[in-house]
Amino acid sequence: MQRLIINGGKRLNGEITVQGAKNAALPILAASILCGEEVTLKRCPEISDTYSAMRILNSLGCSAGFDSSAGNTAVVNTSSLSRFEITDKLMREMRSSIFFMGALIGKTGECRMSFPGGCNIGQRPIDIHIAALKKMGVTVTEEYGSIDCFCRNKLRGAKITLSFPSVGATENIILASVLAEGTTVITNAAREPEIVCLADFLNKCGGNINGAGGGTIVIEGVKELHGCEFEIMPDRIAAATYLACTASAGGEIAVRGCIPRHIEAVNSVFEQMGCIAHTSADTVFFSAPRSLRAVDIIRTTVYPGFPTDCQAFVMAALCRAEGTSVFVENIFENRYRHTEELRRMGANIRAEGKVAVVEGVKRLYGAKVAAPDLRGGAGLAAAALSAEGTSEISGVEYIDRGYEEIENALSSLGADIKRV
């Protein structure tokens, strides 16, 4: 079992270049199925979730892997796609395996899979995905945890209004409809930048998608797609993570290769805490004071609001802030599992239902803690950087799902951290 050992009390200084976005790379890897040719993805993050997606592609008869001669470059060839069934074992490795439903249905008209796995942060029902596919002419059968999808004729475009602007549902509908007959219109679509990235990729492959990033997306079905070379967008959540680590530990860093407007809602919170964030076209210059101020209330919501994925590590930074901060989690009902571990380090947090109240304490203490999920694990690392003494974080496999060697990234900024 791997663990992170962190000796706290070291201020962070230096610069870091942010990795490619996990939440953009995974649907694009699934989308490569629709191309039937070779796709080259630059700045593809080398994280465990990416490898899980590649294992799924390989199990379907495709060829997927990283180019050993070019860092962070993935090469996928789906011309040899020969299967439409994904095993239960592979589906359980990550939540994003659900994107293969839309891609396989769009390409082959058939798909068989089980319900996806991933971090246990609350219910993430796929009924919205299934209802949309049915509108496009797909017959869906659910039995004993298995989902069978079949379309007797070619998928047809439809007008689909989402009850909630779900990122996953929006992306799955795009994947299913890009090769469908006619026009698909998604109303109340999610607006996240990762959806724009997916649309840009598919359009570069010959798709016809308009309106991504807005509330209404229009997809005109095309007969075929071709391969391309494409660069994955920078990971806005990883960028915010390293800013939160600096807010927690103190110091000055530059996060390069990012898109600052993607994290404006998070930077606004950091500024309320007393941090300074100056931005250029692709860099955030960030300075954190030795003493942070509490933030009255932080509500997680859909983009462009404060992301639920940033809640845990921003909370970790606020554990030592002066005053009381209140979090309201509006996206997932089980996303405060990290608070129990933060309390082991001396944090004063009361969490019940959607609300968590953080009373700032003067100091945190090193402790043995366990990452409960991906972002919760990043939050524990942020807290450990400011704690007195040594912290030992287990459950590193969760953190590896979304971060490229987080220990090396933080070490490059002066943190005393190692993996054992």
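**Sheet, helix and cores**

Q: Which strands does helix H8 lie across?
A: H8 (residues 236-249) lies across E2, E14 and strand E16 (283-288). Helices (H or I, at least four residues) and strands (E, at least two) are DSSP runs numbered from the N terminus.

Q: At what angle does it run to E14?
A: H8 runs at about 175° to E14. Angles go from 0 to 180 degrees between N-to-C directions of lines fitted to C-alpha atoms, for helices over the stretch in contact.

Q: Where does this model come from?
A: It is predicted: local features need pLDDT of at least 70, side-chain atom pairs pLDDT 80 or more, while totals for chains, interfaces and linings use all residues. Numbering starts from 1 along each chain, and side-chain values use heavy atoms, without hydrogens or water.

Q: What's the strand order in the open sheet?
A: E2-E14-E16-E15, with mixed pairing. Strands E2 (12-17) and E15 (276-279) are the edges, each pairing on one side only. The twist averages 10° from one strand to the next.

Q: How do E2 and E14 pair?
A: In the parallel sense, over 6 bridges. Pairing takes at least two DSSP bridges. Thr-17 has Arg-256 in E14 as its bridge partner.

Q: New topic. Which residues touch the most other members of the largest nonpolar core?
A: Leu-41, Phe-100, Phe-201 and Leu-202, out of 78 residues. Such a core joins buried (under 20% relative accessible area, 1.4 Å probe, protein chains only) Ala, Val, Leu, Ile, Met, Phe, Trp, Tyr and Cys through side-chain atoms within 4.5 Å.

Q: Which helix gives the most to this core?
A: H1 (residues 22-31), with 7 residues.

Q: What does a second, separate core include?
A: This core of 73 residues includes Ala-239, Ile-298, Tyr-336 and Leu-374.

Notes. Contact means heavy atoms within 4.5 Å. Buried means under 20% relative accessible area, exposed over 50%, partly exposed in between (1.4 Å probe, protein chains only).
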